[in-house]
Every structure is written in C-alpha cells, then in structure tokens.
Amino acid sequence: TEDVGGYNNATTFDDATAYYEVVPSNYLETLLWAEAERMGSLNIDQANFVSERDVVKEEFRFRILSPPYGRLFYAMEKNSFAVHPYKRPGIGSIEELDASTIDDVRAFHSTFYRPDNAILIVSGDFEQQQLDTWVDRYFTPIAKPEMAIPRVTAVEPARTAEKRVDEYAPNVQLPALAMTWLAPSASDADAVPLHVAQAILGEGESSRLYERLVRGEIAAEVSVDADLREQPGMFAAFVILASEKTPAEAERILREELAKLSDKPPTAAEMEKAKNLILTGALRERETSNGKAFALGESLILEHDANFVNAGLTKLQAVTPADVQRVVRKYLIEGKPVVITYLDESQRKSGGAK
C-alpha cells in the first residue's frame with residue numbers, strides 16, 4: 001500500500017477488529033487478494049510472534065503506564081462492568097501478554113477469522129460487477145469452519161448501589177475524578193438522545209460542564225463520553241482538577257449539572273448546537289472513502305443495520321428536549337455510578353487500594 005501511495009492499519013474496538021487500506025482504485029484487486037490471504041491463512045512463527053507481542057506490550061506501556069492519566073482510563077473499563085467481558089480492556093495486560101503463546105494466536109485465528117464472521121466494506125471508485133467477480137474469485141475458496149463461533153452470553157446486571165474506587169499512579173500532578181454509568185446498547189432507542197445529552201454536557205467550551213468546571217476554575221479539563229457498544233454501553237464523565245481543587249468539588253458540581261438537566265429540559269439553542277456538532281462530525285467523517293467505510297462498519301456492528309448510517313441522522317433531528325431530559329434521569333440520575341478518585345502514588349495510605 002505504501003509503495004503505491006496508500007496506507008493501511010488495523011485497530012481493535014470493544015466489539016470488532018478492523019483492518020483497513022486506502023489505495024488508488026486500480027489496486028483494489030490486489031487488496032482483495034491480500035485480505036483473502038489474511039483470512040484464509042496465518043503465517044506466523046515463534047520469532048514474529050514474540051516480536052509482535054513485544055509491540056503490543058510497548059503500546060500498553062505507551063498508552064496506559066506512561067501517561068499520567070492512562071491508568072485512570074484503564075480503571076474506568078475494569079470497574080464499570082461486573083460480569084460482561086467489557087470489564088477486560090481489549091489491550092489486556094503485561095501479565096496476560098507474557099502468558100500468551102503462539103498456539104493461542106493460531107487458535108484465535110482459526111476460531112474467528114472466517115467468512116461467516118467477517119464484513120467486507122469497499123468504498124470509493126469501483127464497478128460493482130467487477131468487484132463481485134473479484135470477491136467470488138478470492139473469498140469463495142475460503143472454507144467455513146465446522147465449529148460454531150463463540151458468542152458472548154453474559155448479561156450485565158443493573159447496578160443496585162454506587163461503587164467508589166480509589167486509584168493511584170505515579171506522576172499525577174493534578175488529581176482526577178471519573179464517573180461512569182451503565183448505558184443501553186448502541187442500537188437502543190435511547191442511544192441517540194444520550195449522544196445529544198453528551199454534547200450538551202461536555203462538547204465544546206460552551207457546554208454546561210466546561211462552563212461550570214473549567215471556566216469556574218475548578219478543573220483544568222473535562223470530558224464526557226457516551227461510549228455505546230453492541231451490548232451494554234458506558235456513559236462517562238472525566239475531570240482533571242485545577243491546582244488546589246479536590247475530586248469532591250468536581251463530583252458535587254457534576255451531580256448538580258446532571259440534576260439540572262434532569263429537572264429542566266435543555267433550551268432550544270442547546271439542542272440546536274448539540275445536533276449541529278454531532279451532524280457536522282458525521283458529515284466530516286464521510287468526506288473520505290475511509291470515513292464512509294468506517295461509518296458503514298459501525299452501523300453494521302453496533303446497530304446491525306447498514307442503513308442506520310443514514311437513518312441515524314434522521315433520528316438525531318427528531319430528538320426532543322424531553323427525550324434528553326428523560327434519558328438523563330433514567331441512566332444518570334436513577335442509575336448508580338461508579339465513582340473513581342485518581343491521585344498521585346504519594347497520597348496512597350499504607351495498605352490502600354491499587
């Protein structure tokens with residue numbers, strides 16, 4: 001791909017692994033052949049297994065262990081789910097990576113890399129009939145394994161009580177607070193109103209939490225994320241405190257703002273701004289062939305409907321202030337949060353939690 005001016009990469013999300021390539025359209029056949037090779041066979045030996053495992057370990061150090069707040073985001077995943085496998089962050093841990101073997105990799109590939117567990121998305125300049133011919137030529141010979149695809153059957157239970165966790169890490173100059181709530185799946189009818197609530201609460205410098213926390217000099221940074229997935233989602237708020245401020249102050253203000261949005265619907269101006277932000281982000285993504293492909297992939301994986309890539313924007317326009325008020329009350333007021341306080345290692349008391 002690089003030799004012809006393109007690029008390729010891969011990423012693992014909570015619900016899928018995506019391989020993607022962008023090249024001039026006259027190399028499409030070559031890419032289809034390569035993807036069929038990737039699915040149909042695995043060329044691995046002990047040397048490249050160890051090499052690639054070390055790459056992932058270094059990524060773990062770079063993304064989780066090195067940044068001052070990397071361990072907080074890791075802790076949010078671990079502590080937000082009691083039963084569902086989402087509680088195990090996809091990157092794993094150094095210990096799990098060290099324990100993995102080349103046979104584990106081979107078994108995983110033979111179990112999951114198969115035509116009945118894959119989605120092929122082609123976006124850009126191509127002729128449909130020619131594409132179909134190439135897909136038949138390169139993918140049809142790949143046999144479907146006899147064994148069933150393992151599926152997640154665990155059902156995350158509703159939280160019955162709040163949970164509080166203290167986390168510590170080195171080089172945390174400013175304390176932080178994170179609060180997470182269980183949220184519905186991305187295909188649920190409440191998903192779109194929750195994204196609007198996210199934008200109202202934490203998107204941009206005129207959002208409610210930015211106004212109260214950052215402009216109010218309580219926090220250096222605030223972020224809100226409606227992290228909705230194929231199965232139970234997670235709604236999260238994350239605050240890095242300003243100097244001399246405490247997590248308790250941020251938690252109080254965060255709860256106050258959630259209560260306000262639950263008690264009184266957002267204004268027409270807030271609704272318009274939130275919808276415009278979401279719509280603009282979606283349209284910008286779709287300006288490229290790669291962006292279109294990812295939007296289709298998310299619709300297929302998360303909503304199980306390719307047409308959601310279009311229908312979702314229609315649903316966005318239909319969201320009312322009362323819808324936002326209702327989902328905030330249902331998931332963020334009546335729901336039980338996990339509250340994570342994140343401090344420097346030097347503040348850990350003897351025998352305290354990790």
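Strands here are DSSP runs of E with at least two residues, helices are runs of H or I with at least four, and both are numbered from the N terminus. Two strands pair if DSSP finds at least two bridges between them.

A quick word on the source. This is a predicted model, in which local features need pLDDT of at least 70 and side-chain atom pairs count only at pLDDT 80 or more, while totals for chains, interfaces and linings use all residues. Residues are numbered from 1 along each chain as its sequence is written, and side-chain values use heavy atoms, with hydrogens and water left out.

Now to E6 itself, residues 233-241. How many of its residues are buried? Nine of nine, where buried means under 20% relative accessible area, exposed means over 50%, and partly exposed is in between, using a 1.4 Å probe and protein chains only. Gly 233, Phe 235, Ala 237, Val 239 and Leu 241 point one way from the strand, and Met 234, Ala 236, Phe 238 and Ile 240 point the other way.

What about its partners? Strand E4 (residues 176-183) pairs with E6 in the antiparallel sense over eight bridges, and Met 179 has Ala 237 as its bridge partner in E6. Strand E5 (residues 219-227) also pairs with E6 in the antiparallel sense, over eight bridges; there, Val 222 stands opposite Val 239. E5 and E6 form a hairpin, with five residues between them.

Let's move to the cores. A nonpolar core is a set of buried Ala, Val, Leu, Ile, Met, Phe, Trp, Tyr and Cys residues joined through side-chain atoms within 4.5 Å. The largest one has 43 residues, and Leu 213, Phe 235 and Val 324 touch the most other members. Helix H7 (residues 191-202) gives the largest share of this core, eight residues. Apart from it lies another core of 15 residues, including Leu 72, Ala 176, Ile 240 and Tyr 342. As background, nonpolar side chains in soluble globular proteins tend to be buried together.

Next, a helix pair. The axes of H7 and helix H13 (residues 321-333) come within 9 Å and cross at roughly 90°. Axes are lines fitted to C-alpha atoms, for helices over the stretch in contact, and angles run from 0 to 180 degrees between N-to-C directions. H7 and H13 are therefore roughly perpendicular to each other, the class for 65 to 115 degrees. Contact means heavy atoms within 4.5 Å, and the residues that make it include Leu 194 and Leu 201 of H7 and Val 324 and Leu 332 of H13.

Last, two loop residues. Glu 217 sits in the loop between helix H8 (208-214) and E5, and Glu 244 in the loop between E6 and H9. Glu 217 has a positive phi of about 60° although it is not a glycine, and Glu 244, not a glycine either, has a positive phi of about 75°. Are these two buried or exposed? Glu 217 counts as exposed at 59% relative accessibility, and Glu 244 is exposed with a relative accessible area of 73%.

Definitions and conventions. Parallel < 35°, antiparallel > 145°, perpendicular 65-115°, else oblique.
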